[in-house]
Amino acid sequence: MANLLRGGKGRPLHPWLVHYPSALYPTSLLFDGLSHVAADGNPFVRGAFALIVIGLAMSVVAAAAGFADFLPIDGGSPTWRLAVLHMTAQLVTAGVFVANAILRGRDLDVTASAVGPVILSVCGVLILWLGNLLGTELVYRHGRRVEQAVALDRGVGPSAAASEGPPDAG
């Protein structure tokens, strides 16, 4: 099952899946704002709730794939510590949006989003962005789930650049 969750060779699954909650949660916050400026904001209130629920479902799948990517990291290494911070931030984000969905689900017939869930959404989105920043550090600075063999097969990478030599001066 772990191999399925890790994706194919050179095609990791987790970075692809995280785009869904990373887009759905902030969009729900946008819907909250629209619920306050629209004449009848109820469709936006319901839309924000739906976006959060779909985001939570996608977060579960992304977290499973992310955990499969986390398991092979050497425990105690700087990469492992960063991965734990990333995972913690994203789990806290999911927890905030679970609480948010529970609060919203109690009354979906309001004409504008209540202040409490909006504050939860703002906090959740800020924590989400922090977690996303940590995730990009894992990829771009620590090279997690970046397979150089794929890049080298395409003629891109350190050995391809070295074989080309310096650019012409003329």
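Hi everyone. Let me start with one term: a contact here means heavy atoms within 4.5 Å. With that in hand, look at the chain in this predicted model. Among its contacts with a separation of 6 or more, 75% are between residues 24 or more positions apart. Keep that in mind as we go through some examples.

First, the overview. The chain has 8 helices and 2 strands. Starting at the N terminus, the order of elements is α-β-β-α-α-α-α-α-α-α. There are 170 residues in the chain, and 32% of them count as buried. The accessible surface comes to about 10000 Å², and carbon and sulfur atoms hold 68% of that.

How far apart are the end C-alpha atoms of H3? They are 28 Å apart.

Which residues of H3 are buried? They are Pro 21, Leu 24, Tyr 25, Ser 28, Asp 32 and Ser 35. If you look down the axis of H3, these buried residues fall within an arc of 95 degrees, so they line one face of the helix. That buried side packs against helix H2 (14-17), helix H4 (42-70), H5 and H6. On the face turned away from the buried side, you will find the exposed residues His 19, Leu 30 and Val 37.

Let's visit one residue from each face. His 19 belongs to helix H3. Is His 19 buried or exposed? Exposed means over 50% relative accessible area, and His 19 has 54%, so it counts as exposed. A polar atom of the His 19 side chain lies 2.8 Å from the backbone oxygen of Pro 15. His 19 is also 36 residues from Gly 55 in sequence, yet their C-alpha atoms are 9.8 Å apart in space.

Now the other face. Ser 35 sits in helix H3 as well. Buried means under 20%, and Ser 35 has a relative accessibility of 2%, so Ser 35 counts as buried. Which residues does Ser 35 touch, if we skip those up to four places away in sequence? They are Gly 41, Phe 44, Val 45, Thr 111, Ala 112 and Ser 113. With Ser 113 there is a polar contact too: the Ser 35 side chain reaches the backbone nitrogen of Ser 113 at 3.0 Å.

Val 45 comes up again with Asp 107. Those two are 62 residues apart along the chain, and their C-alpha atoms are separated by 9.7 Å. Asp 107 is in the loop between helix H5 (78-105) and helix H6 (115-140). At 42% relative accessible area, Asp 107 is partly exposed.

In soluble globular proteins, nonpolar side chains tend to be buried together. Here, the largest nonpolar core has 7 residues: Tyr 25, Ile 52, Leu 56, Phe 97, Ala 101, Val 125 and Leu 128. H4, H5 and H6 are the elements that give two or more residues to this core. Apart from this core lies another one, of 6 residues, including Ile 73, Leu 82, Ala 83 and Leu 134.

Definitions and conventions: Residues are numbered from 1 along each chain as its sequence is written. This is a predicted model: local features need pLDDT of at least 70, side-chain atom pairs count only at pLDDT 80 or more; totals for chains, interfaces and linings use all residues. Side-chain values use heavy atoms; hydrogens and water are left out. Helices (H or I, at least four residues) and strands (E, at least two) are DSSP runs, numbered from the N terminus. Buried means under 20% relative accessible area, exposed over 50%, partly exposed in between (1.4 Å probe, protein chains only). A polar contact is a pair of N or O atoms within 3.5 Å; within protein, one must be able to donate a hydrogen and the other to accept it, and residues adjacent in sequence count only if both atoms are side-chain atoms. The expected span of a helix is 1.5 Å times one less than its number of residues. The arc is that of the directions from the helix axis to the C-beta atoms. A nonpolar core is a set of buried Ala, Val, Leu, Ile, Met, Phe, Trp, Tyr and Cys residues joined through side-chain atoms within 4.5 Å. Accessible areas come from the Shrake-Rupley method with a 1.4 Å probe; for residues, only the protein chains shown count as cover.
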